[in-house]
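Biologist: I am new to this structure. Please take me through one part of it closely, and then show me how its surroundings are built.

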Amino acid sequence: MNIEVKNQIAMVREPGVLITDGPSAMDLLATVRYETGCSAMVLQKEQIDEPFFRLSTGLAGEVLQKFVNYQMKLAIVGDFSGYTSKPLRDFIRESNEGRHICFQPDEAAALAWLGRAQA
């Protein structure tokens, strides 16, 4: 797997959709932890299957609970402005106020957020 480590944060560079369900999220989490020893990761929005962003599917809850349970902080990077769902926008805002999961517009913002979350 193509992973770059910056400041003890794993930047997953593997192309394509990597997370399609709970088991694929767990596989990615375990691989990143094993290969890098990192406890924080950055993914691009495109690496996560689109149903994740429809909260009614339950995929976001299933996937993100694995990251919280296994103490892997996650920043998802991309343009989220195209999503008009109020529940999703509220979810993104609330996540960004927490310390485990965030949604950021670019890698620099993601690294800054994860740096603060790890402190």
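Biologist: Which residues does Q47 touch, not counting residues up to four places away in sequence?

Modeller: First, a caution: this is a predicted model. Now to the contacts. Q47 touches V12, R13, E14, G16, V17, L18 and I19, leaving out residues up to four places away in sequence. Q47 itself is found in the loop between β3 and α2. Its relative accessibility is 4%. Buried means under 20%, so Q47 counts as buried. The side chain of Q47 also has a polar contact with the backbone: it reaches the backbone nitrogen of Q44 at 2.6 Å.

Next, look at the core. The largest nonpolar core has 29 residues. M41, L43, F52 and F67 touch the most other members. The largest share, five residues, comes from α2. In general, nonpolar side chains in soluble globular proteins tend to be buried together.

Take M41 as one example. Set aside its neighbours within four places in sequence. M41 is then in contact with I9, A10, V12, L28, L29, V32, F67, M72, K73, L74, A75 and L114. There is also a second, separate core of 12 residues. Its members include I9, M11, V42 and A117.

Now follow α1. This helix has 15 residues. From its first C-alpha to its last it reaches 21 Å, close to the 21 Å expected at 1.5 Å a residue. Within α1, G22, S24, A25, L28, L29 and V32 are buried. Seen down the helix axis, the buried residues of α1 fall within an arc of 165 degrees, so they line one face. An α-helix has 3.6 residues a turn, so residues three or four places apart point the same way. On the other side of α1, P23, D27 and Y34 are exposed. What covers the buried residues of α1 includes β1 (3–6), β2, β3 and α2.

Finally, check both ends of this helix. At the start of α1, a side-chain oxygen of D21 reaches to within 2.8 Å of the backbone nitrogen of S24. After α1 comes G37, with a positive phi near 75 degrees.

Conventions:
Residues are numbered from 1 along each chain as its sequence is written. This is a predicted model: local features need pLDDT of at least 70, side-chain atom pairs count only at pLDDT 80 or more; totals for chains, interfaces and linings use all residues. Side-chain values use heavy atoms; hydrogens and water are left out. A nonpolar core is a set of buried Ala, Val, Leu, Ile, Met, Phe, Trp, Tyr and Cys residues joined through side-chain atoms within 4.5 Å. Buried means under 20% relative accessible area, exposed over 50%, partly exposed in between (1.4 Å probe, protein chains only). Helices (H or I, at least four residues) and strands (E, at least two) are DSSP runs, numbered from the N terminus. Contact means heavy atoms within 4.5 Å. A polar contact is a pair of N or O atoms within 3.5 Å; within protein, one must be able to donate a hydrogen and the other to accept it, and residues adjacent in sequence count only if both atoms are side-chain atoms. The expected span of a helix is 1.5 Å times one less than its number of residues. The arc is that of the directions from the helix axis to the C-beta atoms.
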